[in-house]
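Dear colleague,

Please find below the structure that I am handing over to you. My findings follow it.

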Amino acid sequence: MSSLQDPIRDGLKRGWKVLGGAHGARPEKMVCDVAIVGSGAGAGISAELLARAGLQVVIIEEGPLKSSSDFNQKEAEAYPALYQESAGRKTADKGVTILQGRCVGGSTTVNWTSSFRTPLDTLSYWQQKFALPDYTNDALAPYFQQAETRLNMGPWLVAPNENNDLLRRGAARLGIPAAAIARNVKGCWNLGSCGMGCPTNAKQSMLVTTIPAALDLGATLLVETRAEQFELVNGRLRSVRCIAVKPNGAPVESGVNATTIIAKHFVLAAGAINSAALLLRSNAPDPHGRLGRRTFLHPVVMSAAIMSQKVEAWAGAPQTIYTDHFMGTQPIDGPIGFKLEAPPLHPVIFASTVFGYGQEQAAMLAQFPHTHVLLALLRDGFHEEAAGGQVKLRGDGSPELDYPLTDFVMAGARRALLAMMEIQFAAGARQVLPMHESARPCNNWTEGRQAVAALAMQPLLTKVVSAHVMGGCGLAGTEALGVTRPDGVHWQLDNLSIHDGSIFPTSIGANPQLSIYGIVNRLAQGLVKRLTGQDLNLA
């Protein structure tokens, strides 16, 4: 792979304006038309469109600039370099581990490429409960289509790996429909290491698509640079104060490394948790107490199975099969629904998730090549007992998410563990292990059903993770219902747009990257129109 072209290194050689870390010192002050905080899904789409409109754009990214030359499929290097808190970010009570990107491209650089449009029932709920009548499937369809074209989203035509095909086969034997997942890849090598950065540049993340496009058009990228605080003057933003951070996110000690960026307009796209935290640090107006609240995670529970045959779940495209059957077995605002997918497995993540230690865990890892895992994404945000969490600030100003795993949510987690176990036994599992500290391997469905029914579904005992962080700056048609207007502008700050997953009023109920791309595409085109009068399309 060392002979493959690296578009990031090529761009730097062409003279891209990149500052911070090893790329050169930042000035004490910068002036631009638009400052964008973040470089992930929402930031990348916004940066390309704004730069194409001829505006002077500065992109501010806390994480480092890494590229395919750096992506060597080694977990020990990838997680500290590419994820928030070295892939160890947790909720306040440590009940949920959160996987969230922290690098140029954000989570798009490290996600598993799953691409779903926003489900119709989610949009319908937003229309009814959050006064968003224009958020219809027909209104959003052109913007989703443009994002799908720009980022090469389409069906994965290669046969699923064994890890995913077990989900398909087990579901089919139970009469449960399953379908293929669209992916945003071009020339994929089918390696399976998407979560550690794509070493072949096949994943059409912001790292290799929109951010390079913006840089080619003259945008400036600041890396290893954290936006600390907005300066508010007379009800508008005047500037954002940024500090230098080390590659691991720790502040650089010297105060000389502070930079003030003055802009006419600001786009906040730091991702849910971080976007709300920046506004909280800035004492942004919040007359209705909405800021940072209703932050959602799609809490994920998992079930591991041991198969007679080798599964080798680390190899091949991750997450190519899913079922939404359990999303539709109850009303959207009834008992919590869940989506089932088959994640890739890599040793560090697996070992940090399964129960036990010492010889007990060694025995589990000895079966690693034969191990199959299913995950269930719980659809939070549609019931008063699944109202998400609240972003708060620690004493040092860093964010923390208080996310209660309520009895309502954990009842859904129990149903999800049962559903996954039944599918795995139907697919031929020799043993199934629910990911729970008190669980032990079960040898058949009858035994497993009884075991799961007896589990204490409590935080810290039940293994819960998340890779989907949404909400905290929710969209709404009235300022009493949300932080952000339907056009993406902050309700009280008219030169601040919020363009990331933090604007979702609920969780999506599906992997959220395409929802961010499509909805932000619409908002960014509207922003270009307001700022320049131009009509631009993403593709």
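In this predicted model, three strands make up an open sheet, arranged in the order β6-β9-β7 with antiparallel pairing. Strands β6 (114–115) and β7 (153–155) are the edge strands, as each of them pairs on one side only. As background, the strands of a sheet pair through backbone hydrogen bonds, in either a parallel or an antiparallel manner. Strand β7 is joined by three bridges to strand β9 (residues 182–184), and the two run antiparallel. Within this pairing, P155 stands opposite A182 in β9.

The next point concerns two helices. Helix α5 (residues 137–150) packs against helix α13 (residues 513–532) at an angle of about 110 degrees, and their axes are 8 Å apart. Because angles from 65 to 115 degrees count as roughly perpendicular, α5 is roughly perpendicular to α13. By class, their contact has eight nonpolar, five polar and two charged residues. Among the residues of α5 that take part are L140, Y143, F144 and E148, and those of α13 include L514, Y517, I519 and R522.

Finally, I turn to the cysteines. How many disulfides does the structure hold? The number is zero. C103 is in no disulfide, since the nearest cysteine sulfur, that of C198, is 13 Å away, whereas a disulfide requires two cysteine sulfur atoms within 2.5 Å. Is C103 buried or exposed? C103 counts as buried because its relative accessibility is 1%, and the limit for buried is under 20%. C442 is also buried, with a relative accessible area of 3%.

Yours sincerely

Technical notes. Residues numbered from 1 in each chain as written. Predicted model: local features only at pLDDT ≥ 70, side-chain atom pairs only at ≥ 80, totals over all residues. Heavy atoms only, no water. Buried < 20%, exposed > 50% of the residue type's maximum accessible area, 1.4 Å probe, protein only. Axes fitted to C-alpha atoms, helices over the stretch in contact; angles between N-to-C directions. Helix = DSSP H or I, 4+ residues; strand = E, 2+ residues; numbered from the N terminus. Parallel < 35°, antiparallel > 145°, perpendicular 65-115°, else oblique. Contact = heavy atoms within 4.5 Å. Nonpolar A, V, L, I, M, F, W, Y, C, P; charged D, E, K, R; others polar. Pairing = 2+ DSSP bridges.
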